[in-house]
Amino acid sequence: METCIINSPLGFTKIVGDTDGISQVTVLNSEEKLTDIIPIELEDCARQLQEYFEGIRTQFNLKLNAEGTDFQKRVWEALAQIPHGKTTSYLELSKELGDVKAIRAVANANGKNPLWIIVPCHRVIGSNGSLTGYAGGLHRKQWLLNHESPYKQLALF
């Protein structure tokens, strides 16, 4: 597996993958040494993330290879279908997956998503519209939702 550390507006970001695909993208809560030369297997992912943060990219086109249970992978596939700039709730996601009673399992799988931003778990909110748990921190979730919102608020001052 190849690894690199890049910088993003939300902190240092670790990308892991190989020729089989990207297996992990995580935001780190500490400073790390940035990678001088990004491995060729990770270059496209690093470029697409940069384009996302620049507001140029709204969809990712990457070969993914995340490890998880069959259920987790089904949840992550459903997450990947949430359009840029839109949100859904854990309840709606569990209904979409065919079992409204699986809401906790869906939330748990959402929290174990190893592909930060690429698989947009930040687009899942509480049924009442509240920001609920987010492995990267609620401040990052809010930033991502604001970044993707088609309604940009200009500064008042």
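What are the helix and strand percentages of the chain over residues 6–65, and how far apart are the end C-alpha atoms? In this predicted model, the chain over residues 6–65 is 23% helix and 30% strand, with its end C-alpha atoms 20 Å apart.

Val-16 is located in strand β2, which spans residues 11–18. With a relative accessible area of 8%, Val-16 is buried, because that value falls under the 20% cut-off. When neighbours within four places in sequence are set aside, the contacts of Val-16 comprise Met-1, Glu-2, Thr-3, Ile-22, Ser-23, Gln-24 and Leu-42. Gln-50 lies 34 residues from Val-16 in sequence, and the C-alpha atoms of the two are 16 Å apart in space. Asn-61, by comparison, belongs to the loop between α1 and α2. The relative accessible area of Asn-61 is 61%, so this residue is exposed. Even so, Asn-61 touches Asp-44 and Gln-48, residues up to four places away in sequence not being counted. The C-alpha atoms of Asn-61 and Gln-48 are separated by 8.1 Å, while the two residues are 13 apart along the chain.

The packing of helices α2 and α4 is considered next. Two packed helices are described by the angle between their axes and the distance between the axes. Helix α2 (residues 70–80) packs with helix α4 (residues 103–111) at an angle of about 80 degrees, and their axes are 9 Å apart. Helix α2 is therefore roughly perpendicular to α4. On the α2 side the contact involves Phe-71, Gln-72, Val-75, Trp-76 and Leu-79, which meet Ala-105, Val-106, Ala-109 and Asn-110 of α4. By residue class, the contact of α2 with α4 consists of seven nonpolar and two polar residues, with no charged residue.

An α-helix has 3.6 residues a turn, so residues three or four places apart point the same way. In α2, the buried residues are Gln-72, Val-75, Trp-76, Ala-78 and Leu-79. The arc that these residues cover around the axis is only 160 degrees, which places them on the same side of α2. Asp-70 and Glu-77 are exposed on the face of α2 turned away from its buried side. The cover over the buried residues of α2 includes α3, α4 and β5. In α4, Val-106, Ala-109 and Asn-110 are buried. Because their arc around the axis is only 105 degrees, they are on the same side of α4. Arg-104 and Gly-111 are exposed on the other side of α4. Among the elements that cover the buried residues of α4 are α2, α3 and β5.

The loop between α4 and β5 contains Cys-121, the position at which UniProt, in an unreviewed entry, places the feature "active site". Cys-121 has a relative accessible area of 8% and is buried. Residues up to four places away in sequence being excluded, Cys-121 touches Leu-79, Asn-110, Asn-113 and Tyr-134. Of these contacts, Leu-79 is one of the α2 residues that meet α4, and Asn-110 is one of the α4 residues that meet α2. Ile-117 is also found in the loop between α4 and β5. Most residues other than glycine have a negative phi. Ile-117 has a positive phi of about 70 degrees, although this residue is not a glycine. The relative accessibility of Ile-117 is 1%, and Ile-117 accordingly counts as buried.

A one-sided pattern of burial is also found in helix α5, residues 138–148, where Arg-140, Lys-141, Leu-144, Leu-145, His-147 and Glu-148 are buried. Viewed down the axis of α5, these buried residues fall within an arc of 160 degrees and so line one face of the helix. The elements against which the buried residues of α5 pack are β3 (21–27), α1 (40–53), α3 (90–96) and β5 (124–125).

Definitions and conventions: Residues numbered from 1 in each chain as written. Predicted model: local features only at pLDDT ≥ 70, side-chain atom pairs only at ≥ 80, totals over all residues. Heavy atoms only, no water. Buried < 20%, exposed > 50% of the residue type's maximum accessible area, 1.4 Å probe, protein only. Helix = DSSP H or I, 4+ residues; strand = E, 2+ residues; numbered from the N terminus. Arc of directions from axis to C-beta. Contact = heavy atoms within 4.5 Å. Axes fitted to C-alpha atoms, helices over the stretch in contact; angles between N-to-C directions. Parallel < 35°, antiparallel > 145°, perpendicular 65-115°, else oblique. Nonpolar A, V, L, I, M, F, W, Y, C, P; charged D, E, K, R; others polar. UniProt positions renumbered as here; feature names shortened; annotations may be inferred.
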